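Please look at the sequence and the structure shown here before reading on. The paragraphs after it lead through them step by step.

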Amino acid sequence: MGIDVQTILDGFFTTIQPMNLFWIALGGFLGTVVGMLPGLGPATAIALLIPITFGMEPTSALILMAAIYYGAMYGGSRSSILLNTPGDGSAIAATFDGYPMAQKGQAGQALAISAIASLIGGLIAVVGFIVLAKPLASFALRFGPAEYFLLMIFTLSAIVALAKGQMVKGFISMCIGLMISTVGIDLQTGVYRFTMGNVHLSEGIDFLVVIIGIYAVGEVLYNFLSINKPVGEKKSVGKIWITKEQWKRSKWPIIRNGPVGFLIGVLPGAGGAIASMLSYSLEKQISKQPEEFGEGAIEGLAAPESSNNAAAVGAFIPMLAMGIPGSGTTAVILGAIVMLGLKPGPLLFENNPDMVWTFVNSMFIGNLFLVILNIALVGILVKILDTPPRVLYPVIMMLAFIGTYTLGYSTVDFLILIVFGFVGLFMKMLNFPVAPLILAVIVGSDMEQNFRMSLISYPNAIGILTASPITIALVIMTIVSLGFPFLSSWLMKRKAGKNNSEAM
Amino acid sequence: MKKIVGVAALSFALILGACSSGNAGEKDDSAYPKKNLEFIAPATPGGGWDATARAIQKIMKEEEIIDQSMTVINKPGGNGEVGWQYLSKKDAHTLAIDSSLLITNNLLGQSDLTYEEFTPLATLTTEWISVAVKNGSPYETATDLMEQLKKDPASVKIGIAPGLGNNDHLSFVKAAKTFGVDITKLNFLVYESGGDVMTSLLGGHVDAATMAVSESAEQHLAGKFKIVAISADERLEELPDVPTWTEEGVDIVFPHWRGILGPPDMTEDEITYWNEAFSEMVETDSWKQLLENNGWEDFYQDSAETTQFLKEQNEMYTELIDESGLQK
């Protein structure tokens with residue numbers, strides 16, 4: 001696609017028509033709200049809005065739906081930071097340092113930096129979209145079964161390696177997640193596995209139910225254990241604006257991880273959860289103070305926030321340029337805009353350049369709107385921390401159940417939710433890292449299917465590992481990420497002459 | 001005390017009667033439908049079935065074809081199984097979207113329901129299924145591809161989604177069988193969604209793929225891969241250069257249809273009501289626009305025709321699934 005300044009400007013003027021600005025604002029606001037509520041993700045919100053888009057201008061419908069999508073990326077981290085209950089897979093990484101920050105009395109600053117990081121990540125990705133949409137779309141095609149399999153192995157290994165000092169627990173956690181992901185129909189053979197004759201389980205256990213169970217329900221149960229303890233000092237929420245020092249620490253992580261998230265977002269099927277987790281582990285591994293990660297390091301929050309928003313923008317590239325939805329949410333959007341008569345695919349950029357550029361401009365304006373909205377909301381949101389537990393926890397429980405129901409319209413999920421609530425509680429009590437389990441549930445089934453398909457495509461394991469330059473690079477990165485914690489602690493030991501490797 | 005119990009029992013009976021008025025003894029059939037209609041999309045919001053159901057709801061209302069209001073209800077799970085199970089226990093005020101999955105779920109051993117338990121009301125649309133090969137493929141035509149499969153059935157990687165036993169898969173199996181290929185040895189890579197199949201064919205990770213024409217047409221027109229055959233009875237307007245299987249010497253026509261299913265035991269009058277409603281709906285401009293936007297073809301058949309059609313489909317699928325070795 002050539003960059004035609006005139007078309008981009010035309011797109012800009014279409015975007016700032018009052019009606020389109022209204023759709024951006026409405027979508028951004030709705031997205032922020034559904035993102036905050038556990039389980040009610042952007043895919044559900046957009047799906048429920050589809051009947052409203054019937055008869056809308058296709059471009060406006062796309063603007064509205066996209067605004068919900070990236071609005072949810074802003075909103076998702078709000079509940080991660082304040083309540084340790086992520087609203088979606090891509091908001092999990094925000095709990096690692098966001099929640100500790102809130103506990104240290106820096107809730108306001110955490111919310112602010114996450115909005116700023118989302119903005120910058122989003123803007124980097126919009127620029128990337130303008131310049132690189134076409135070449136990246138063809139790069140993404142080079143990811144076949146072997147490449148996806150190794151990308152997922154790499155992501156899992158990076159997460160396990162994060163649990164420094166307790167890697168064994170990380171592996172156990174990951175293995176449980178992989179086991180959960182085997183429930184449901186096996187695509188390659190059509191065989192039902194571990195469904196116990198229950199129709200609802202034939203499509204597997206929804207990872208969002210696992211997330212809501214382990215985080216939201218688990219967190220409530222955990223706090224219930226200490227409910228009779230006298231309430232301590234009222235938690236301070238701190239300033240709502242970041243300090244110069246905090247900005248200095250976050251600046252580069254934000255800028256670095258915009259492109260990282262964007263590239264991963266472009267890969268169909270990878271998405272925000274993988275992007276934000278990889279960004280987090282990247283920052284921790286190159287940080288000079290890795291021991292502060294997990295204790296409320298601001299860059300540990302800024303990096304994944306920049307990354308997941310960039311991924312949300314990147315996910316539109318395969319959708320618009322090739323007609324391939326890169327995530328659950330873009331799949332819903334794709335279905336909706338096809339109903340309205342648009343034909344996403346290789347010809348869209350040639351046939352409807354005005355629409356494409358209006359859309360790109362809307363993402364630009366939408367991100368600006370969202371950062372203002374979210375920073376304005378900081379003052380109100382931090383009040384959640386003042387809410388007495390007897391009000392707050394029942395509300396969280398109620399939202400968890402409502403959110404779960406909207407995922408599959410089945411009460412079977414309630415049982416699964418409660419089971420994972422207890423799993424979350426025990427993992428917390430026994431100090432097991434939760435992230436490897438969740439990530440394994442998210443990628444496990446895709447990883448397995450891709451592995452099985454690679455076995456058909458390549459004669460043996462060596463063939464899979466050396467299938468292409470991409471696979472070789474991924475293998476090396478996996479080895480480095482698993483070996484790095486050992487290497488760095490060995491180096492540190494030599495340097496300091498004493499053992500100071502601390503448990504995370 | 002007794003009195004109160006009696007009153008309670010009576011009012012309970014009255015409420016029950018009111019709730020199940022559809023099959024209660026009231027004979028005033030001219031008033032059908034008597035209450036709000038439920039329209040089941042056996043899938044989550046956002047998918048093709050849900051979208052179809054909501055579009056029908058909108059057209060029925062805006063064109064004032066039916067007076068009663070219609071509510072779309074999502075009952076996802078088990079390839080439609082959950083929704084149809086629900087339908088099987090309802091009265092004539094509930095309808096559902098259906099497709100060949102209603103037949104194949106049972107044949108594949110994934111459901112106890114059969115199409116015979118329901119009242120088929122209409123067939124509405126069909127999509128045709130395409131077979132495409134990657135750019136630079138050694139197979140120029142569908143015949144080339146089939147010749148190769150006849151020589152060595154396992155030598156070609158074929159991408160399909162989202163599961164074995166679905167239409168995309170079985171249409172290919174049927175074509176191959178008709179050509180004389182050993183269909184038990186075919187090498188399918190099963191992807192999760194049609195989008196994934198497209199990606200893998202564009203990237204050259206599979207040699208051939210089968211998917212709905214609505215999914216593949218844009219890529220073919222842009223020259224990103226080549227459709228070598230379609231399952232329609234004649235060439236399509238938007239793809240004038242693509243031959244049908246019949247032209248390639250493989251005598252098959254394979255629709256991927258969607259229709260409307262009613263609960264068991266609907267009366268003649270109720271069936272007539274829907275014959276009128278749907279035949280009116282398919283003539284509206286908004287319906288035609290919907291078909292065009294989605295790349296669907298009009299395939300309207302009324303209740304009696306659909307009943308006969310389902311019977312033929314059932315025979316065809318039974319034979320195909322038997323021979324492909326998929327039956328449990």
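Predicted model: local features only at pLDDT ≥ 70, side-chain atom pairs only at ≥ 80, totals over all residues.

Residues are numbered from 1 along each chain as its sequence is written, and chains are lettered from A and ligands numbered from 1 in the order in which they are written.

The model scores ipTM 0.82 and pTM 0.85. Two residues are in contact if their C-beta atoms, placed from the backbone, lie within 7 Å.

Start with the two chains. Here 43 residues of chain A are in contact with 40 residues of chain B. On the chain A side, the elements that give two or more residues are helix H3 (42–53), helix H14 (328–339) and helix H19 (435–457). Helices (H or I, at least four residues) and strands (E, at least two) are DSSP runs, numbered from the N terminus. H3(A) provides the largest share of this side, with six residues. Sorted by class, the side of chain A that touches chain B has 27 nonpolar, 13 polar and three charged residues. In this sorting, Ala, Val, Leu, Ile, Met, Phe, Trp, Tyr, Cys and Pro count as nonpolar, Asp, Glu, Lys and Arg as charged, and the others, Gly among them, as polar.

Chain B is assigned domain 1 (34–126 + 255–324) and domain 2 (127–230), with bounds that come from an automatic or database domain assignment. The centres of the two domains, taken over C-alpha atoms, are 28 Å apart. Their contact takes twelve residues from domain 1 of chain B and 15 residues from domain 2 of chain B. On the domain 1 side, helix H11 (residues 303–324) of chain B gives the largest share, four residues. That side has four nonpolar, seven polar and one charged residues.

A residue is buried if 20 or more other C-beta atoms lie within 10 Å of its own, exposed if 12 or fewer, and partly exposed in between, with C-beta atoms placed from the backbone.

Two single residues come last. Met36(A) lies in helix H2 (residues 18–36) of chain A. Why does Met36(A) count as buried? Because 26 other C-beta atoms are within 10 Å of Met36(A). Leaving aside neighbours within four places in sequence, Met36(A) is in contact with Gly75(A), Arg78(A), Ser79(A) and Gly87(A). Ala232(B) is found in the loop between strand S8 (225–230) and S9 of chain B. Ala232(B) has 22 C-beta neighbours inside 10 Å and therefore counts as buried. Apart from neighbours within four places in sequence, Ala232(B) is in contact with Trp128(B), Thr244(B) and Val253(B).
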